[in-house]
Amino acid sequence: MTLFLSTTDLDGLVGRAELIDAVRAAFLDLAHGLALQPAPHTFPGAGSTQFLPMTATSHRLGLTVVKVMSDAPGNRPAGQPVQRSTVLVLDARTGERLAVLDGEVGTRMRTAAASAVATDALARPDAHVLGLVGAGRLAIEHVHALREVRAIDTVHVWSRSAATLRTFHHALDGLLDVIESPGPRQVTEAADILCTLTPARHPVVSGEWFRPGLHVNAVGAPPRPDHREIDATGMARATVVVDSTATQLAKSGEALLSIAEGATLPQTFGRELGAVLAGTASGRQLPTDITLFNSVGIALEDLAYAALAIDHARIPDSFGTEPRVPAEVAP
């Protein structure tokens, strides 16, 4: 039987701490040769819409995923989601279709979980001030995820949207101190840990603003080689760690544009997070180092989320609730 898991089915199904552990394990699998993560290839839809099929296999879990992400900038004026995705989960040996998941909840959670894994590996142990450029649902998820790995007590946040900031305040009311900043520069200069969470085409953060000891999670730009949030100076100043080198050199504007501008080299993006976790590549060496996790997202993260979601949907989960097997199943 194939599970079909909708956004409603998935909401609250997977815990943040267990997902962070699962994503960390997935990156280690990649470093140890226990997972496959090829670079994706984009193909055009209609108008400005692009589709990005993303695939990964975990030999340890015996699963293969195919995630199809759509990036449709034309949806924005109509108030529709710019990005949508669907995740197909297969038995890696038999090819049996195990589950189909709506990608919205999982993408948001696994993105923040990957940032938490990178932050735990790269940020100073005493880092406690979080800076957010962008205040949407992904920003809210990052606050919760990063609080799993660092004692975050203050957030400096900037957004162009007053309505988005109001929602952000409401979601985090009483959890920690939230300070609205007038611009990305003030957020960057105040932060111990900075997360850029915007679908920017042109840089919103300059590396000239980076102060010693900062850790950056650059995760907002879509997987398009002409989009970036961090300028070339920022990429050149930091010790850069990536989710997947092959994916970065195919889809990351931060990587490709900084290389084109002569600020970095392809090998700048050769240090993968899994290798840092495995101890075969260096990360932060000194408290004054500037570290930067550059991520456009990889399907192996979606696989880690999907494996947990399938387990929790079929059996009583760790939160003590009843199994959430959806009514819609197919042979």
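With which residues is Asn217 in contact, once its neighbours within four places in sequence are left aside? In this predicted model, the partners of Asn217 are Ser115, Ala118, Thr119, Leu146, Ile193, Leu194, Cys195, Thr196 and Phe293. Asn217 itself is placed in strand 12, which covers residues 215-218, and because its relative accessibility is 0%, Asn217 is classed as buried.

The packing of helix 3 was examined next. Helix 3, spanning residues 104-122, packs with helix 2, spanning residues 16-31, at an angle of about 70 degrees and with the two axes 9 Å apart. Since angles of 65 to 115 degrees count as roughly perpendicular, helix 2 is therefore described as roughly perpendicular to helix 3, and the crossing of these two helices is right-handed. On the side of helix 2 the contact is built from Arg16, Leu19, Ile20, Val23, Arg24 and Phe27, while helix 3 contributes Met109, Arg110, Ala113, Ala114, Ala116, Val117 and Asp120. Classified by residue type, the contact of helix 2 with helix 3 comprises nine nonpolar and four charged residues, with no polar ones.

Helix 3 also packs with helix 11, which runs over residues 299-314; their axes come within 9 Å and cross at roughly 110 degrees, so that helix 3 is roughly perpendicular to helix 11. The crossing of helix 3 with helix 11 is right-handed. Here the residues in contact are Val105, Gly106, Thr107, Met109, Arg110 and Ala114 from helix 3, together with Glu301, Asp302 and Tyr305 from helix 11. The class composition of the contact between helix 3 and helix 11 is four nonpolar, two polar and three charged residues. Among the residues of helix 3, Met109, Arg110 and Ala114 take part in the contact with helix 2 and likewise in the contact with helix 11.

A further site considered is Leu138, which belongs to helix 4, residues 137-146. Leu138 counts as partly exposed because its relative accessibility is 22%. Apart from neighbours within four places in sequence, the residues in contact with Leu138 are Arg108, Thr111 and Leu197.

Notes
Residues are numbered from 1 along each chain as its sequence is written. This is a predicted model: local features need pLDDT of at least 70, side-chain atom pairs count only at pLDDT 80 or more; totals for chains, interfaces and linings use all residues. Side-chain values use heavy atoms; hydrogens and water are left out. Axes are lines fitted to C-alpha atoms, for helices over the stretch in contact, and angles run from 0 to 180 degrees between N-to-C directions. Helices (H or I, at least four residues) and strands (E, at least two) are DSSP runs, numbered from the N terminus. Angles under 35 degrees count as roughly parallel, over 145 as roughly antiparallel, 65 to 115 as roughly perpendicular and the rest as oblique. A crossing is left-handed if the near helix is turned anticlockwise from the far one by less than a right angle, and right-handed if clockwise. Contact means heavy atoms within 4.5 Å. Ala, Val, Leu, Ile, Met, Phe, Trp, Tyr, Cys and Pro count as nonpolar, Asp, Glu, Lys and Arg as charged, and the others, Gly among them, as polar. Buried means under 20% relative accessible area, exposed over 50%, partly exposed in between (1.4 Å probe, protein chains only).
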